[in-house]
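Dear colleague,

Please find the structure below, together with its sequence. My notes on the contact between the chains and on some backbone details follow it.

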Amino acid sequence: MEEIKLLKGNEAIAYAAIRYGVDGYFGYPITPQSEIMETLIKERPWETTGMIVLQAESEIAAINMVYGGAACGKKVMTSSSSPGISLKQEGISYMAGAELPGLIVNVMRGGPGLGTIQPSQADYFQTVKGGGHGDYKIIVLAPNSVQEMADHVALGLNLAFKYKNPAMILSDGVIGQMMEKVILPKQCQRKTEREIRKSYPWATLGKSKSCKPNIITSVELDSFLMEARNLRFQKKYRTIEKNEVLYEEFFCDDVEYLIVAFGSAARISQKAVEIARGIGIKAGLFRPITLYPFPMKKLNSYKEKLKDILVVELNAGQMIEDVKLAVECKIPVKHYGRFGGIVPTPQEILEKIKNEINK
Amino acid sequence: MKSINNTINLENLVYTKPSLMNSNITHYCPGCSHGVVHKLVAEVIANMNLEEQTIGIASVGCSVFIYNYIDIDWIGAAHGRAPAVATAVKRLNPNKMVFTYQGDGDLAAIGTAETIHACNRGENIVIIFINNAIYGMTGGQMAPTTILKMQTATCPYGRDISLNGYPLQISNILAQIEGTCLVSREAVFSTKTIKKSKKILCKAFKNAMSGKGTSIIEFISTCTSGWKMSPIQANKWMIKNMLPIYPLGVLKDK
């Protein structure tokens, strides 16, 4: 049965994971996301759904546990925050190379280095442009509410299995820590071994008598075969770019001044747009929900209608590069960013809009 | 005179290739211990009727291609991470037989944390540890287990304590950890040692299936290319120089 609860974003991820029938969670404590593992352990899902929850010795071990679980066709996930996600990049690259599905949650904090435990969106480049070594892409979802934190668990894992590719929820300390009403989905059953073997014949669950062994690996020393494998990956990424783009438009029908923002920055910008509308400024908000695939086509259509675009981010200017690519630099793209853990107020963004309009 | 062909018949057949080893020609150098250890692993899995339940975790090193030779399901782990991968596979599939196959660099250098913590949690897995005191695949560099004064590509003047520290006695450390149930150091240079190794490997696999904790079987091994020796020289050198530092025998059996 569906259930309505008042939860933190981090807690919503944990409850959604249990209800979606996730088989295993492997994590390592780091602020501001520790509630995910704490909530899972408090709920003891191993007694109800059979879900495994294990505290690993490091973020590196945790992502490699996800690698192992995914190789068996299990729905597995890990979560961390920026410094820990850096450590996971090796494992994410191996998952992409071995074509394994899995969910990684990044509740971003300010960097670089140990940085701060306050919210940030400074891992956009790392997440969307690569992070680990090699030519690969991961599916990136950017929730802007506690509800979306819960919903993106199922969405992320579905896309991960559909494309045999890792997916990431790119959240931040604001969304992870804030409390909102959330509708949790009804309890799903975990897949049985028989179901997994049927749905994912590639899974390493022990060789069946009449079948060839299953091998999960990213190694291929023959360059021609490795190029062929890369071409196959690129083809898959083009399919993802064609089919899986998600975005939200807010007051965009008659928009004269457009803000592009994701996650918590979009949430704050939404308020700024509401205030602007109240004082007669025709502002609007475009919010990419998938950061990879990025809504290039839709944003491109704005280049004919608008004089310029403002990108608001909790970083020094990262997604702005994709916005510029989307509009082919045909119109000016401005940036407003706070960073190092500072979260801007709607008023600050409104002032920026006013200044730009009066220029 | 009796023809040899009269002797070659089924009733005189005393040795066959393990059923799980396929006909692929291995990439291993002549005299390398991997071949014999692979054979033992394949035999133990088949003898215990575990081929449909076994998932092997390969590591990075020469044995990265072990999946080409033993016909079971395999997962190739990142360098050093095999025990973490095995942890999840076993936890999510408690009825399966899960083992890792790792070299000294993989297990005792880059993967030390994963190894120690998998053992400390008492994961019900087997860790097969090939210790040839050198990095074979990358061309013969110093390993954590390289013995003192031994020359490698990255300690060409011999391993020096002041610069490189001591050969790491990782199995002795693992034997101290509560979660391990069996830690044994073996070798495969003679019929006697091969037969003994197989027996202990069998015990390790039984431990994993009965949930007794982590079993580690270390194989003191040869690397003819890395050591730049012939197979016979390598075995002699190993017995003379490595076994005094890494004496064979059971370190823990509880």
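Strand S9 (residues 215-216) of chain A pairs with strand S2 (73-76) of chain B in the parallel sense, over two bridges. Within this pairing, Ile75(B) in S2(B) is the bridge partner of Ile216(A). Helices (H or I, at least four residues) and strands (E, at least two) are DSSP runs, numbered from the N terminus, and two strands pair if DSSP finds at least two bridges between them.

Please note that this is a predicted model, in which local features need pLDDT of at least 70 and side-chain atom pairs count only at pLDDT 80 or more, while totals for chains, interfaces and linings use all residues. Residues are numbered from 1 along each chain as its sequence is written, and chains are lettered from A and ligands numbered from 1 in the order in which they are written.

Regarding the interface, 29 residues of chain B are in contact with 34 residues of chain A, where contact means that the C-beta atoms of two residues, placed from the backbone, lie within 7 Å. On the side of chain B that touches chain A, at least two residues each come from strand S1 (54-58), S2, helix H2 (82-92) and helix H4 (112-120). H2(B) provides the largest share of that side, with eight residues.

Most residues other than glycine have a negative phi, and most peptide bonds are trans. In chain A, a cis peptide bond joins Gly111(A) to Pro112(A), with omega about 0°; Pro112(A) is placed in the loop between strand S5 (102-108) and helix H5 (124-128). The bond from Tyr292(A) to Pro293(A) is also cis, with omega near 0°, and Pro293(A) belongs to the loop between strand S13 (290-292) and helix H11 (296-300).

Cys329(A), which is not a glycine, has a positive phi near 55° and lies in the loop between helix H12 (319-326) and strand S15 (333-337) of chain A. Cys329(A) is exposed because 11 other C-beta atoms lie within 10 Å, the limit for exposed being 12 or fewer, with C-beta atoms placed from the backbone. In chain B, Asn49(B) has a positive phi of about 55° and sits in the loop between helix H1 (34-47) and S1. Asn49(B) is exposed, with 8 other C-beta atoms within 10 Å.

With kind regards

Conventions: Buried ≥ 20, exposed ≤ 12 C-beta atoms within 10 Å, placed from the backbone.
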